[in-house]
Amino acid sequence: MNNDIRKIGVLTSGGDAPGMNAAIRAVVRTGTYYGLTVMGVKRGYNGLINGEMIEMNARTVSDTLQKGGTILQTARCLEFKEEAGVKKACEIAKVFGLDGLIVIGGDGSFRGARDLSRAGLPTIAMPGTIDNDIDCSEYTIGYDTCLNTVIEAVDKIRDTSSSHERCSVIEVMGRNAGYIALNAGIACGAEVVLVPEREYSFDEDVLRPILEGKARGRRQSIVIVAEGIGGVIDMAKEIEEKTGIESRATILGHIQRGGSPSARDRVVASEMGAKCVELLLEGKSNRIVCMQDNKVIDVDIEEGLAMKKELPQEVIDLAKKLST
Ligand code: ADP
Ligand code: F6P
């Protein structure tokens, strides 16, 4: 136990994700359990630079575990990317007497956490993003809830698609990462899944499976496209023109970022949030709390950012095998 740590801050940064509130609650309640004062910093790194923070306690986080979004709000802060912004944030943290900070966000936010640690403010980060695209972690908070939202939506689209014997082309989130598309594709039995990590040929990877499926008697098709590939409206038109199958496009959009967190997100967020506080109390800084081999562990931020996680080829193959 590091007795120098008496007051800590917590903030959420980057895109919000279901389970962020569960993580904030775990930080606040673990902090108060150990007798710390916990400050909630508003609007990501903006709140640190502008000194926007509020004292939190066990009651401030009552009734938040089950809520989507983030009660601290989140933001993208350009000023913080400059050296002067980090310096200002550290000065404000000193003014408020913060001995440590916990950052819940994605890899951009982790780079900010690393800069704060280097500048002298002990900082620990944990992954909150629906994309599941943090290389050092098998899992990111919000991913499971997002997948469940996508599955529910695609199942509904499938009902109408099946009634009209159409092809439905559905865009899901993931600018650079295909985890949502791939696993939603498996869970929804999509005929085609397109992810940004793999190049594709329209004729071979889209038209061929749709036409072959039709020849085998399939009466509808679901095509799931990650946001990073995009172009679903034009793709639906082209499928219709080239196959004669009536096609419709749907962009699921921000519905995927909201909603009450799933059991998995609540539990993992609680474990990770508590671990962040314990690391600060052990005198640690510049760490990412993450999941490896299904266990919550911590790694150095620099090392974590340098790790590589690949979209597993065997899962891509499985999606293809099951789509016949
Ligand atoms: P995410 O954390 O979800 O990846 P962003 O990439 O938008 O989201 O990053 C969130 C915030 O983290 C940015 O608005 C900025 O304040 C900070 N940040 C991002 N990249 C860096 C960087 N290279 N160095 C320092 N801070 C950064
Ligand atoms: O990182 C999460 C994410 O939802 C991505 O999948 C998406 O590309 C991006 O955020 C959208 O961000 P926004 O609409 O908030 O700018």
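Contact here means heavy atoms within 4.5 Å, and the model to which this is applied is a predicted one.

Two packed helices are described by the angle between their axes and the distance between the axes. For α6, which spans residues 179-188, and α11, which spans residues 313-321, the axes come within 9 Å and cross at roughly 35°, and the crossing is left-handed.

At the level of domains, the chain is divided into domain 1, made of 7-142 + 261-306, and domain 2, made of 143-257. The following table collects values for this pair.

| Property of domain 1 and domain 2 | Value |
|---|---|
| Distance between C-alpha centres | 34 Å |
| Area buried between the domains | about 1,100 Å² |

Carbon and sulfur atoms give 54% of the area buried between the two domains. On the side of domain 1, Ile 130, Asp 131 and Asn 132 supply 45% of the area that this domain buries against domain 2, more than any other three residues. Counted by contacts, 17 residues of domain 1 touch 12 residues of domain 2.

How many salt bridges does the rule find across the interface of domain 1 and domain 2? The rule finds 1. A salt bridge is formed by Arg 257 with Asp 16, whose closest N and O atoms are 2.7 Å apart.

Conventions:
Residues numbered from 1 in each chain as written. Chains lettered and ligands numbered in written order. Predicted model: local features only at pLDDT ≥ 70, side-chain atom pairs only at ≥ 80, totals over all residues. Heavy atoms only, no water. Axes fitted to C-alpha atoms, helices over the stretch in contact; angles between N-to-C directions. Helix = DSSP H or I, 4+ residues; strand = E, 2+ residues; numbered from the N terminus. Left-handed = near helix turned anticlockwise from the far one by under 90°. Domains from an automatic or database assignment. Buried area = accessible area lost by both parts, 1.4 Å probe. Salt bridge = Lys/Arg side-chain N within 4 Å of Asp/Glu carboxyl O.
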